Structure formats: structure tokens, C-alpha cells
Amino acid sequence: SERLLTLAQRYDSLTGSASLALQVLDVQDPAAPKLVDELALGSNAYSDATYDARALSIHADERTFALPLQNYDPVNTSSLEVLQLSDSGELSRLGSVVHDQGERNLLECLIYIGYPTDPETLEMLAENPDLAASLLRDCSYYRFETLRRGLFRGEELFAVGSAQVTGHALDALA
């Protein structure tokens with residue numbers, strides 16, 4: 001059968017909330033598509049995959065795919081959701097990857113916000129602790145690690161975030 005995987009974003013004007021869901025449609029008859037399965041990803045959730053196809057990572061051999069998900073309810077979280085499509089068109093969640101949200105040191109902060117890291121700049125910051133503290137405060141605003149992409153290689157998934165890349169065995173996802 002011919003199936004189409006869609007990412008549906010719905011907005012409820014009464015509550016002001018948005019919800020995101022994956023849908024599998026049977027499109028054998030393009031004039032009358034039929035919903036085969038739907039998997040809710042969350043209310044007040046968002047994915048870069050809604051506007052950028054490169055955010056959807058596909059492992060064709062395993063019928064597995066990953067997409068980044070930002071969920072704003074009840075608190076900000078960012079994950080790389082790993083899902084699988086069965087032969088019958090049913091969706092199932094295999095797990096997700098979440099990156100550490102730890103504090104950054106001054107060097108990591110400079111790199112992250114695009115400041116120079118040459119020896120002269122580091123020496124100047126060592127001599128000016130108020131400026132260094134100010135930069136660390138600025139950097140804490142950007143502390144939230146956002147997952148952007150996944151990359152499948154064999155039985156591993158590499159999760160690419162705004163500040164780190166991590167590797168995960170597909171059979172060990174939680």
C-alpha cells in the first residue's frame with residue numbers, strides 16, 4: 001500500500017495551545033486519504049521538522065526515524081524522539097535522547113556565543129573577573145541545550161544538539 005507520513009501541528013484558539021502529532025495516511029486513493037495511525041507528540045510542542053525536512057532523520061533498513069522535539073509544557077524540554085513504522089503503518093515510540101543541561105565553563109561559553117578564545121582574550125578575562133562573570137551570565141541565557149538532528153549509522157544514533165553530539169545504541173534507548 002502507499003503511505004504518507006505527516007507531521008501535523010494543530011492550534012487551539014480557545015486555549016492558545018498547540019499540539020503536534022505524527023500521522024500515517026493511506027493515499028492509495030489520493031482524492032480520499034485515510035488515517036492509518038496517529039501518535040501524539042505533545043501539547044505545546046514543536047519540531048524543526050515542521051518546516052525543515054533535514055530535521056527528520058531516517059534509518060530506512062529499520063523503518064526507524066528520529067525528529068527533534070521541543071516541548072514547552074509544563075517546562076522547556078528538548079529531545080530527539082526515535083520512532084518506528086510497522087509494516088501495517090502503525091507508529092511506535094522506541095525512545096528519546098535528552099542532552100545534559102549542565103552549566104558551561106567560561107571557555108565553553110565563549111565558544112558557544114561566538115567570542116574569541118585566543119590567549120590574549122583569555123588573559124584579559126582573567127584580569128577582569130567582572131567581565132568574565134558578565135559573559136557567564138549572558139551564556140546562562142543560552143544554557144538550554146536544543147537537539148537539532150539525528151544521524152543513523154548502523155545500529156547507532158548520533159544526536160546533534162546546539163552544544164554537543166552524543167552517540168546511542170538503538171537497542172538501549174529509553
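Visitor: In what order do the three strands of the open sheet stand?
Guide: The model is predicted. β1 (3-12) and β3 (34-43) stand at the edges, each with a single partner strand, so one side of each is left without a neighbour in the sheet. The pairing is antiparallel, and the order is β1-β2-β3.

Visitor: How many bridges join β1 to β2?
Guide: The two strands run antiparallel, with β2 covering residues 17-26. L5 stands opposite V24 in β2, and Y11 has A18 as its bridge partner in β2. The number of bridges joining β1 to β2 is ten.

Visitor: Which residue in the turn between β1 and β2 has a positive phi?
Guide: β1 and β2 form a hairpin, with four residues between the strands. The phi in question is about 75°, and the residue is G16.

Visitor: Which residue of β3 stands opposite V24?
Guide: β2 and β3 run antiparallel and are joined by eight bridges. V24 also stands opposite L5. In β3, the residue opposite V24 is D37.

Visitor: Is S17 of β2 buried or partly exposed?
Guide: Eight of the ten residues of β2 are buried, so the strand is largely enclosed by the rest of the structure. S17 is found in this strand. Buried means under 20% relative accessible area. S17 has 22%, so S17 counts as partly exposed.

Visitor: What distance separates the C-alpha atoms of S17 and S43?
Guide: S17 belongs to β2. Along the chain, S17 and S43 are 26 residues apart. Their C-alpha atoms are separated by 6.7 Å.

Visitor: How many residues of β6 are buried?
Guide: β6 covers residues 64-71 and is mostly covered. On one side T64, A66, P68 and Q70 are buried, and on the other F65, L67, L69 and N71 are buried. The count for β6 is eight of eight.

Visitor: Which residue of β7 is the bridge partner of P68?
Guide: β6 runs antiparallel to β7 (residues 77-85), and eight bridges join the two strands. β6 also pairs in the antiparallel sense with β5 (residues 57-59), over three bridges. In β7, the partner of P68 is L80.

Visitor: How are the rings of Y46 and Y51 arranged?
Guide: The structure holds one aromatic pair. The ring centres of Y46 and Y51 are 6.4 Å apart and the planes stand at 25°. Planes under 30 degrees apart count as stacked. The pair of Y46 and Y51 is therefore stacked.

Visitor: Is Y51 buried or exposed?
Guide: Y46, the other ring of the pair, is partly exposed at 25% relative accessible area. Residues over 50% count as exposed. Y51 has 60% relative accessibility and is exposed.

Visitor: How far apart in sequence are the parts tied together by R148 and D48?
Guide: R148 forms a salt bridge with D48, with the closest N and O atoms 3.2 Å apart. R148 lies in strand β9 (residues 147-153) and D48 in the loop between β4 and β5, so the parts that the pair ties together are separated in sequence by 100 residues.

Visitor: Is D87 buried or exposed?
Guide: D87 and R63 meet in a salt bridge, at 2.9 Å from N to O. R63 also lies in the turn of the β5-β6 hairpin, with a positive phi of about 55°. R63 is partly exposed at 36%. D87 has 64% relative accessibility, so D87 counts as exposed.

Visitor: Which strand holds R93, the partner of E81?
Guide: The side chains of E81 and R93 meet in a salt bridge at 2.8 Å, N to O. E81 is buried at 7% relative accessible area, whereas R93 is partly exposed at 40%. E81 lies in β7, and R93 lies in strand β8.

How values were computed:
Residues are numbered from 1 along each chain as its sequence is written. This is a predicted model: local features need pLDDT of at least 70, side-chain atom pairs count only at pLDDT 80 or more; totals for chains, interfaces and linings use all residues. Side-chain values use heavy atoms; hydrogens and water are left out. Two strands pair if DSSP finds at least two bridges between them. Rings of Phe, Tyr and Trp (its six-membered ring) pair if their centres lie within 6.5 Å; planes under 30 degrees apart count as stacked, over 60 as edge-to-face and the rest as tilted. Buried means under 20% relative accessible area, exposed over 50%, partly exposed in between (1.4 Å probe, protein chains only). A salt bridge is a side-chain nitrogen of Lys or Arg within 4 Å of a carboxyl oxygen of Asp or Glu.
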